[in-house]
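Work through the exercises below with the sequence and the 3D view at hand. Each task is followed by its solution.

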Amino acid sequence: MARNFVKEIKELNKTYVHIKDVEQLNNKLNGIINDSFDQLQIVSDFDLTITKQHENGKRHMSSFRMFGFCPSITEQYKETTNDLVAKYYPKEYDPTIPLDEKRILMEEWWRQSEKALHGLKVSPKEIDEVVAKLATSLRDGTKELFQTLLNHNVPILVFSAGLGDTVVSVLKHYDVYLPNVKVISNFLKYDDNGAIAGFKGSVIHVLNKNEFAIKNTNYYDLVKNRPNVILLGDSLGDAKMADGMAHANQVEGNLPAYMDTFDIVLEDDQTMDVVLAIINMIK
């Protein structure tokens, strides 16, 4: 007989936790918890998901925003990216724009952002130094969560439409860039003169994040037999991060009130308490 994990896990009964379909969530929890760690994988967004949304009254910076504080960044780059944010950011959250049209707009935004990077001489060392000064805080419990998952050989895919170089630097800064962590993101490509020549590989934006990006890689071979996915994100686009994983069963966490898309919606929660509670139930 299936247990009522939704009732048993006290973290799921907080006032800031919203669940649209309790029975469906409970069925998924029973499957994930009973199947244990060897069939589990974690897929997570980075900005505002692994990192906090705000702290002490201040909104935390994204990976691209932190990069913008590197001393070698030019005024032209700052002006260009500020203009792009002003133009495209409202469109990202405009519910009246059809998804196909919005996907084209996001592609435009990221391509123009990539173009703005060309010629900048911002070294990896400079990025690390800025991260050491400005690093946005990780959600409370992130270190415990990542270490527990490592102890049980559970792979973690950090899937970010942000700047991968900054993402990895932040994870290293907080000692959570562990052997079970894989990052798929927009990583800088350098030319022979040490200047940025764009991104490596395909551009990842907020509406094209899915696990097709890991097909034919060693990581895909690692997770292809792990059908249970706990997926963490803060936008509707993040719900697609696990597309391409055959027969994947997901328990999804999301911060905005997108209850039609996600199983669990956390309203202004800056912790990993809910995920840790599920993981501890498996233990």
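A salt bridge is a side-chain nitrogen of Lys or Arg within 4 Å of a carboxyl oxygen of Asp or Glu. The model used here is predicted, and the structure holds 11 salt bridges.

**Exercise 1.** Find how far apart N and O are in the salt bridge of E75 and K78, and state where both residues lie.

Solution. 
- Step 1. The side chains of E75 and K78 meet at 3.6 Å, N to O.
- Step 2. The cut-off for a salt bridge is 4 Å, so the pair at 3.6 Å counts as one.
- Step 3. Both residues belong to helix α4 (residues 75-92). They are 3 residues apart, about one turn of the helix.
- Step 4. E75 has a relative accessible area of 51% and is exposed. K78, with 32%, is partly exposed.

**Exercise 2.** Determine what separates R111 and E107 along their helix, and classify the accessibility of R111 and of E107.

Solution. 
- Step 1. The closest N and O atoms of R111 and E107 are 3.3 Å apart, and the two residues form a salt bridge.
- Step 2. R111 and E107 sit in helix α5 (residues 99-117), 4 residues apart, and are therefore separated by about one helical turn.
- Step 3. R111 is partly exposed at 39% relative accessibility, and E107 is partly exposed with a relative accessible area of 29%.
- Step 4. As a general point, side chains of opposite charge can pair when their charged atoms come close.

**Exercise 3.** Name the residues that touch the most other members of the largest nonpolar core, then list what V158 touches.

Solution. 
- Step 1. The largest nonpolar core has 85 residues, and L40, F67, V158, I230 and I279 touch the most other members.
- Step 2. Helix α10 (residues 273-282) contributes the largest share of this core, 7 residues.
- Step 3. Leaving out residues up to four places away in sequence, V158 touches S44, F46, I50, V167, L171, V181, K182, V183 and I184.
- Step 4. In soluble globular proteins, nonpolar side chains tend to be buried together.

How values were computed
Residues are numbered from 1 along each chain as its sequence is written. This is a predicted model: local features need pLDDT of at least 70, side-chain atom pairs count only at pLDDT 80 or more; totals for chains, interfaces and linings use all residues. Side-chain values use heavy atoms; hydrogens and water are left out. A nonpolar core is a set of buried Ala, Val, Leu, Ile, Met, Phe, Trp, Tyr and Cys residues joined through side-chain atoms within 4.5 Å. Buried means under 20% relative accessible area, exposed over 50%, partly exposed in between (1.4 Å probe, protein chains only). Helices (H or I, at least four residues) and strands (E, at least two) are DSSP runs, numbered from the N terminus. Contact means heavy atoms within 4.5 Å.
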